[in-house]
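Visitor: Could you show me how to read the main features of a two-chain model, giving the general idea before the particular case?

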Amino acid sequence: MSDAIRHRLTPLERSERRLGFAMLAPAFLLLAAVVLYPIAELIRNSFHFNHLAQPWMGTPFVGFENYVKALGDDRFHEAVLHTLLYILVTVPGAVVIGLGLALLANQPFRVKWPVRLGLLLPWALPLVFAGLIFRWFFEFNQGIANAMLRGLGLEPLNWLTSPGLAFFAICLAIIWKSSSFVALVLLAGLQTIPKSFYEAAEVDGATKWQQFREITLPMLRPAIFVALIFRTITAIQTFDIPYAMTNGGPGNSTETLAMYIHKTTVDFLDLGYGSALAVLMFIVSAVITSLYLRHTRRDPGRH
Amino acid sequence: MTSRFTRRMATRLGLAAGLALAGAAYAQAQTTLRIFTGGQQRPDVMRQIVDGYMKANPNVKVEVEVGGATSEQQQQYLNTVLASKDSALDLILIDVIRPAQWAAAQWAEPLDSYLGAEKDAIMARYLPAYRAANIVNGKVIALPYFADAQFLYYRKDLLEKHGLQPPKTWDELKAAAQKVMAAEGNANLRGFETAGAPIEGTVCTYLVPLWGSGEDMLKDGKLNLASAAAKKPFQLWADLKAANVTPPNLAEIPTDRIRQNMQAGNLIFGMTWGYVWNRLQNDADSTVKGKIGVVPLPGFTADKQATCIGGWQVAVSAFSKNKAEAAKLARYLSSPEVAKQQAILASHLPVFPGVYTDAEVLKANPWFEQALPVVQSARSRPVTPRYTEVSEIMRTNMNAFLAGTKTADQALGDMTNRLGAIFR
C-alpha cells in the first residue's frame with residue numbers, strides 16, 4: 001500500500017515532501033536539544049556515581065546501584081506515598097470544586113466578569129505565591145485560620161507543624177489553586193452542550209438534578225477526562241506549594257517525590273542518585289498517563 | 001546644502017568617534033565586581049562599605065547581589081550557579097560552615113598566591129577559630145568578614161521588675177520565664193525561643209545542649225551519638241515545652257522570627273545571633289529599645305556553657321574573570337577598619353580581637369566586652385564536604401521532634417542511621 005503510494009508520487013510531490021521534512025527539521029532539532037538530550041543525559045547519569053560535593057570520586061559507572069538504593073530508601077518510599085496521597089485528594093477535589101465553579105460561571109449572570117475573574121485569578125497566580133499566601137493563612141500567631149479559631153473561642157492549631165493538619169492545609173491550597181484550571185476546561189465543555197437538550201428535558205418534566213445527571217455529566221465526560229489527565233500529571237509533580245508552605249516539614253512528613261529529587265540534586269549535589277529518582281518518577285508518570293489513555297481509547301466503544 | 005550636510009556628517013562622525021574612545025577608555029579602566037550576600041547579612045551595610053571602596057578605587061565598580069534570607073536558601077542558589085561554572089559572581093559571602101565543602105567542590109579560588117609573602121602575617125591577625133575555619137588543607141579558601149555566636153538575649157526590664165538575675169543554667173531560665181509569664185499575665189508573652197524550623201540554625205538547637213553536656217557529635221571523625229549525652233538536647237527542649245516556656249509553634253520558628261518576636265515585645269528570652277542587638281536597639285518599630293540584655297547562653301551547669309560558632313567569610317569564585325581585583329576587595333572587606341564599621345552599623349562581631357575593645361565599638365555595643373570570650377570558646381559544627389546533607393539530616397529530625405511527630409528515640413535513631421552512612 002505505502003509502496004503503491006510512493007510510486008504514484010510525482011517528482012514535484014517528492015520534492016515538496018523533502019521541503020516539508022526540511023522545514024520540520026529545526027523544530028525537531030530544537031525539541032531534541034531541550035527534551036531528548038536531557039532525558040538521555042538523565043538516564044545516563046542515573047547509572048553513574050556523580051556527586052558534585054565529592055569531585056575526587058570521579059563519575060564511575062555503577063550499574064543499577066542508584067536504583068537499588070532507592071528501593072531500600074525509606075525517605076523515597078515516604079515521598080512516593082505522600083505524592084500518591086496528594087494525587088488521591090487533590091485531583092478529585094479539584095475536579096469537584098472546578099465543576100461547581102464551571103457550573104456557576106455558566107449561569108446567565110448579567111455581569112459576568114466577577115465570576116470569570118474569580119476563575120482566572122488563582123490560575124494566573126504563580127504556584128509559589130499561592131504557597132506563601134496560604135502559609136501566612138495557616139501561620140500560628142498571625143494566621144487567619146487561627147484568628148478565626150480564637151474568635152470562636154477555640155484553641156489555635158499547629159496547622160503547619162503537625163503532619164495531618166499540614167497535609168490538609170497543603171491540599172486545600174493545591175485544590176484552590178488548581179480547581180480554576182479545571183473549571184476553565186469544564187466551562188469550555190459546558191458551552192458545547194446544546195441548550196435544546198435542556199429545553200427538551202424541561203418539557204419532559206425532568207428536575208434540575210436529573211438534567212445534571214442525565215445531560216450535563218455524560219456530555220461533559222470528555223472534558224472531565226482531559227481535566228483529570230492534566231491535573232493528575234501536574235499532581236505527580238507537586239512541588240511549589242508544599243515547598244513554600246512547609247518545605248516538607250515537620251520532619252519529612254509533607255515531602256513529595258519532586259521535592260526529594262530537588263533536595264538530592266540541588267541541595268546535596270548528588271546527581272547520580274537524584275537522576276535515578278527522577279527516572280523512577282518519570283516511569284510512575286508514564287504508567288499513570290498510559291492507564292488514562294487506554295481508558296479514553298476504550299471509552300467510545302462503550303457507548 | 002552640501003556644506004550643511006557635510007557639517008552634520010562631520011558632527012555625527014566626531015560624536016561617534018568620541019563615544020567610541022570614551023567607551024574604550026571606560027572599558028579599560030573599569031572592572032565590575034559582583035558580590036553575593038544574604039538578605040540576613042545586612043546588605044545595606046555591605047553597600048555602604050563597598051561605596052567607600054569604590055570612592056578609593058575609581059577603576060572598580062562593585063555590584064551587590066542579595067540572595068535568600070537563610071544560609072541553606074543561599075547555598076541552594078549558589079549550588080546551581082557554581083555547579084554550572086557560571087562566572088557571574090566574583091565574590092561570595094559564605095557561612096562559616098562552608099569552606100571545607102567549597103574547597104572540596106573547587107568553587108573557591110585559593111587565596112594564597114594573592115596574599116603572597118604576607119599570608120601568615122595576615123592570617124595571624126584573626127581570632128584562631130576563624131583562621132582555622134578558612135584554611136582547608138593548608139590553603140586559604142576565604143577571608144573572614146564578621147564573626148558570630150549564639151547568645152542569650154533577655155528582657156532586662158522584665159527581669160529587673162521581678163527581681164531576677166540573667167540565668168546561667170537552663171533550670172534558672174525555665175524558672176525565670178515561668179515566674180515572669182505568670183506575673184505579667186500577657187497571653188502573647190512567650191518564655192523562650194530558639195530556631196526550630198527545618199533551617200540551618202536548628203542544627204545548633206541540637207548541638208548547643210549536646211556540647212553543654214560534655215560530648216561532641218564526632219569523635220576522631222567517627223559518629224559519636226551512642227552516649228546518654230546524645231539524648232540530652234531532646235530532653236531539654238521537651239522539658240521547656242512541657243513547662244510552656246517555649247511556644248507550641250517552636251517547629252515553625254526560623255532564626256529571624258526570634259528577632260521579630262523579641263522586637264514586638266512578645267519574648268522574654270531568645271537564643272540567637274549577634275546581628276539582633278542592632279535591630280532591637282535601632283529599628284524604628286522596636287518596642288524594646290534599651291530594654292534588652294545579652295549574656296552567654298545557659299548550660300546544664302553554670303560552669304559548662306556552650307555556643308555555636310557562626311560568622312561569614314568572603315570567598316573569591318573559582319570561575320570569576322577578575323580574580324586579582326576580587327582578591328583585593330576580599331582583603332579590604334576582611335580588614336580591621338571594615339570590621340569596626342560593621343560592628344558600629346550592624347552589631348556584627350569583629351574577627352579581630354583588638355576591635356572588641358575599640359571605644360566607639362563599645363559605645364554602640366556595650367555587651368561586646370563579654371562577647372569576646374564567648375566567641376573565643378564557641379564551637380564548630382562538624383566539618384565535612386558533605387555538610388549540606390549532614391545539616392539537612394540534623395535539622396529535619398530536630399524539627400520533627402520539636403513538632404512532636406517523632407519521639408526522641410525515633411529522631412535520634414533516624415539521625416544516627418543517616419549520619420552513619422556519611423561518617424563511615
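The dialogue below goes through chain B, its cores and a helix pair in chain A.

Guide: Before anything else, note that this is a predicted model, in which local features need pLDDT of at least 70 and side-chain atom pairs count only at pLDDT 80 or more, while totals for chains, interfaces and linings use all residues. Residues are numbered from 1 along each chain as its sequence is written, chains are lettered from A and ligands numbered from 1 in the order in which they are written, and side-chain values use heavy atoms, with hydrogens and water left out.

Visitor: How many helices and strands does chain B have?

Guide: Helices (H or I, at least four residues) and strands (E, at least two) are DSSP runs numbered from the N terminus, and by that rule chain B has 19 helices and 13 strands. Its C-alpha atoms fill a box of roughly 95 × 50 × 45 Å along the principal axes. Buried means under 20% relative accessible area, exposed over 50%, and partly exposed in between, with a 1.4 Å probe and protein chains only; of the 424 residues of chain B, 56% count as buried.

Visitor: Which domains does the assignment give for chain B?

Guide: Domain bounds come from an automatic or database domain assignment, which here gives domain 1 (11–18 + 21–147 + 311–366) and domain 2 (151–307 + 386–422). The C-alpha centres of these two domains of chain B lie 31 Å apart, and their contact (heavy atoms within 4.5 Å) takes 19 residues from domain 1 and 12 residues from domain 2.

Visitor: Which residues have the most contacts inside the largest nonpolar core?

Guide: A nonpolar core is a set of buried Ala, Val, Leu, Ile, Met, Phe, Trp, Tyr and Cys residues joined through side-chain atoms within 4.5 Å. The largest has 119 residues, and those with the most contacts inside it are B:Phe151, B:Tyr153, B:Phe192, B:Tyr206, B:Trp237 and B:Phe269. Helix α18 (residues 387–403) of chain B gives the most to this core, with 8 residues, and the core draws at least three residues from each of domain 1 and domain 2 of chain B. Apart from it lies another core, of 45 residues, among them A:Phe47, A:Ala105, A:Ala227 and A:Tyr260.

Visitor: What does B:Phe151 touch?

Guide: Leaving out residues up to four places away in sequence, the residues that B:Phe151 touches include B:Leu349, B:Trp367, B:Ala371, B:Val374 and B:Val375. Helix α17 (residues 368–377) of chain B has as its buried residues B:Phe368, B:Ala371, B:Leu372, B:Val374 and B:Val375, and the elements that they pack against include β7 (151–155) and α15 (336–346) of chain B.

Visitor: At what angle do helix α4 and helix α10 of chain A pack?

Guide: Axes are lines fitted to C-alpha atoms, for helices over the stretch in contact, and angles run from 0 to 180 degrees between N-to-C directions. Helix α4 (residues 74–105) and helix α10 (residues 208–236) of chain A pack at an angle of about 140°, with their axes 10 Å apart. That makes α4(A) oblique to α10(A), because angles under 35 degrees count as roughly parallel, over 145 as roughly antiparallel, 65 to 115 as roughly perpendicular and the rest as oblique. Among the residues making the contact are A:Ile87 and A:Val91 of α4(A) and A:Leu220 and A:Ile224 of α10(A).

Visitor: Is B:Ile422 buried or exposed?

Guide: B:Ile422 is in helix α19 (residues 408–422) of chain B and is buried, with a relative accessible area of 16%.
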